[in-house]
Amino acid sequence: MTNQKGSISIHTENIFPIIKKWLYSDKDIFIRELISNGCDAVNKYKKLISLGEAKGNTDEHYKIKVSIDKENSALIFEDNGIGMTAEEVEKYINQVAFSGAEDFFNTYKDKMNEENDIIGHFGLGFYSSFMVSKKVQIDTLSYKENATPVRWVS
């Protein structure tokens, strides 16, 4: 018997209708999912600061802000969490169902205690935004020193 390794490729035009029909039956769920992503970003950043892995002010006012841009018919979700590098955008956004939260937890599980305050473990929440959007844009800046801002648009 020959053992082989392989990978499965998923075409987004095929997977998004499945996500839309079976995973997100309520269109408003995208709001909860994007706020959860912001919460995860903030919690990851706070955790890295507490572990001494990131520089930051422990007294900082962390936030997730949702605003409406009526002129451009846009909802804007902002947070002051961990942010992403271009490589992380490629890894966590361009690959459907690859959870940044799960990856973060697995990286720091030895340093974290029992309560895991990171929400997203399936890597699909962000994609709910495509149910209601013609265009999805991410503007992000990693917490890492000398990071370069990244814009991703689909």
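A residue is called buried when its relative accessible area is under 20%, exposed when the value is over 50%, and partly exposed in between, using a 1.4 Å probe and the protein chains only. By this rule M84 is buried, because its relative accessible area is 16%.

The model shown in these views is predicted, so local features are described where pLDDT is at least 70 and side-chain atom pairs where it is 80 or more, while totals for chains, interfaces and linings use all residues. Residues are numbered from 1 along each chain as its sequence is written, and side-chain values use heavy atoms, with hydrogens and water left out.

**View 1. The protein chain as a whole.** The chain holds four helices and four strands, where helices (H or I, at least four residues) and strands (E, at least two) are DSSP runs numbered from the N terminus. Followed along the sequence, these elements come in the pattern α-α-β-β-α-α-β-β. Of the 154 residues, 32% count as buried. The chain exposes about 10,900 Å², of which carbon and sulfur atoms supply 49%; such areas come from the Shrake-Rupley method with a 1.4 Å probe, and for residues only the protein chains shown count as cover. Contact means heavy atoms within 4.5 Å, and among contacts between residues at least 6 apart in sequence, 59% join residues at least 24 apart.

**View 2. Helix α2 and the glycine after it.** Helix α2 covers residues 29–50, and its 22 residues should span 32 Å at 1.5 Å a residue, which agrees with the 31 Å between its end C-alpha atoms. The expected span used here is 1.5 Å times one less than the number of residues. Just after α2, G52 takes a positive phi of about 75°.

**View 3. The largest nonpolar core.** A nonpolar core is a set of buried Ala, Val, Leu, Ile, Met, Phe, Trp, Tyr and Cys residues joined through side-chain atoms within 4.5 Å. The largest one has eleven residues, namely F30, L34, M84, V89, I93, F126, Y127, V136, I138, V150 and W152. Helix α2 and strand β4 (150–153) each supply at least two residues of this core. Apart from it lies another core of eight residues, among them Y45, L48, I49 and I82. In soluble globular proteins, nonpolar side chains tend to be buried together. Leaving aside neighbours within four places in sequence, F30 is in contact with L75, F77, S128, S129 and V132.

**View 4. M84 and T85 in the loop between β2 and α3.** M84 lies in the loop between β2 and α3, and T85 is found in this loop too, with β2 at 74–79 and α3 at 86–92. T85 is buried, with a relative accessible area of 15%. Not counting residues up to four places away in sequence, M84 touches V89, I93, I138, T140, L141, S142 and V150, while T85, counted in this way, touches S142, K144 and V150. M84 and L141 are 57 residues apart in sequence, yet their C-alpha atoms are 5.7 Å apart in space.

**View 5. Strands β3 and β4 side by side.** Two strands pair if DSSP finds at least two bridges between them, and β3 and β4 pair in the antiparallel sense over four bridges. Across this pairing, Q137 stands opposite V153, and D139 stands opposite R151. Strand β3 (residues 137–140) has a covered face with I138 and T140 and an uncovered one with Q137 and D139.

**View 6. Aromatic pairs.** Rings of Phe, Tyr and Trp (its six-membered ring) pair if their centres lie within 6.5 Å, and planes under 30 degrees apart count as stacked, over 60 as edge-to-face and the rest as tilted. A search of the whole structure finds six aromatic pairs. The rings of Y45 and Y62 have centres 6.1 Å apart and planes at 75°, so this pair is edge-to-face. Y45 belongs to helix α2 and Y62 to the loop between α2 and β1 (64–69), so that the pair links parts of the chain 17 residues apart. Y45 is buried at 11% relative accessible area, and Y62 counts as buried at 17% relative accessibility. F130 and W152 form another edge-to-face pair, 6.5 Å centre to centre with 85° between the planes. F130 lies in the loop between α4 (100–108) and β3 and W152 in strand β4, so the pair ties together parts 22 residues apart in sequence. F130 counts as partly exposed at 23% relative accessibility, whereas W152 is buried at 15% relative accessible area. Ring pairs also link Y45, Y62 and Y143 into a cluster.
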